[in-house]
Amino acid sequence: MVKTNDPMPGEDDKQLVSMLKKAEVKAFDILFHKYSQKLYHFSFSLLKNEEDAKEIVQETFLRIWSKRFEIDLGKSFKSYLFTISYHLIIDRLRLRLKDQEYRNFLRDYFKISDFGTSSKIDYEELTQMIDQVIEELPKKRKRIYKLSRKGGMSNNEIAEELGISVKTVENQITLSLRYLKLRLGQHLLAVILFLSLFP
């Protein structure tokens with residue numbers, strides 16, 4: 001399993017990427033520690049192979065390092081990480097999908113009749129689609145989701161802010177995520193990766 005430590009406090013992704021573009025290894029290490037474990041768990045949940053999952057993580061961050069000078073500081077690092085990771089996972093899945101047993105596993109995993117492996121979707125497009133679906137949620141549920149995912153508030157903080165129980169907050173977030181997966185089923189792999197990397 002990929003070993004990770006907690007990222008250093010006080011340094012956001014933009015600061016770290018700025019350092020990374022100057023070839024500062026410390027910044028690379030912090031970004032790796034911040035995101036590699038989530039990416040590993042997601043990759044392993046799909047590929048069911050520890051070595052494959054490790055290779056996805058290693059190849060993702062190898063590409064980030066080799067292309068560090070090309071990273072646009074005006075865009076989210078999460079966008080860059082998502083795009084690289086998603087394409088690598090899709091490529092690996094295409095190889096695995098030659099096995100009918102594995103195809104059956106994926107259909108059961110996603111509970112859909114057909115498993116699409118389109119690599120055309122990107123972070124910005126997916127974010128826009130998710131935002132549109134979130135707008136369809138009931139008013140209270142939408143507010144809770146936005147406070148959690150966009151406001152970065154903990155369940156306890158949201159409960160205190162809105163004067164409701166933590167359990168209610170948890171239930172509303174669960175229902176929001178369930179609705180997202182239902183509405184964006186054709187992009188389910190991308191949605192789950194997005195939610196895994198960027199809760």
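Helix 2 and helix 4 are roughly parallel to each other in this predicted model. The axes of helix 2 (residues 25-47) and helix 4 (residues 77-96) cross at roughly 25 degrees, and angles under 35 degrees count as roughly parallel. These two axes come within 12 Å, and the crossing of helix 2 and helix 4 is right-handed. On the side of helix 2, the contact is formed by Leu31, Tyr35, Leu39, Phe42, Ser43, Leu46 and Leu47. Helix 4 contributes Phe77, Lys78, Leu81, Ser85, Ile89, Arg92, Leu93 and Arg96. Of the residues in the contact of helix 2 with helix 4, ten are nonpolar, two are polar and three are charged.

Tyr123, Leu126, Thr127 and Ile130 of helix 6 make the contact with Ala190, Val191 and Phe194 of helix 10. The residues of the contact of helix 6 with helix 10 comprise six nonpolar and one polar, with no charged residue.

Glu157 is located in helix 8 (residues 155-162). The relative accessible area of Glu157 is 42%, so this residue is partly exposed, a class that lies between buried, under 20%, and exposed, over 50%. Glu157 and Leu147 are ten residues apart along the chain, and their C-alpha atoms are separated by 9.2 Å.

Notes: Residues numbered from 1 in each chain as written. Predicted model: local features only at pLDDT ≥ 70, side-chain atom pairs only at ≥ 80, totals over all residues. Heavy atoms only, no water. Contact = heavy atoms within 4.5 Å. Helix = DSSP H or I, 4+ residues; strand = E, 2+ residues; numbered from the N terminus. Nonpolar A, V, L, I, M, F, W, Y, C, P; charged D, E, K, R; others polar. Axes fitted to C-alpha atoms, helices over the stretch in contact; angles between N-to-C directions. Parallel < 35°, antiparallel > 145°, perpendicular 65-115°, else oblique. Left-handed = near helix turned anticlockwise from the far one by under 90°. Buried < 20%, exposed > 50% of the residue type's maximum accessible area, 1.4 Å probe, protein only.
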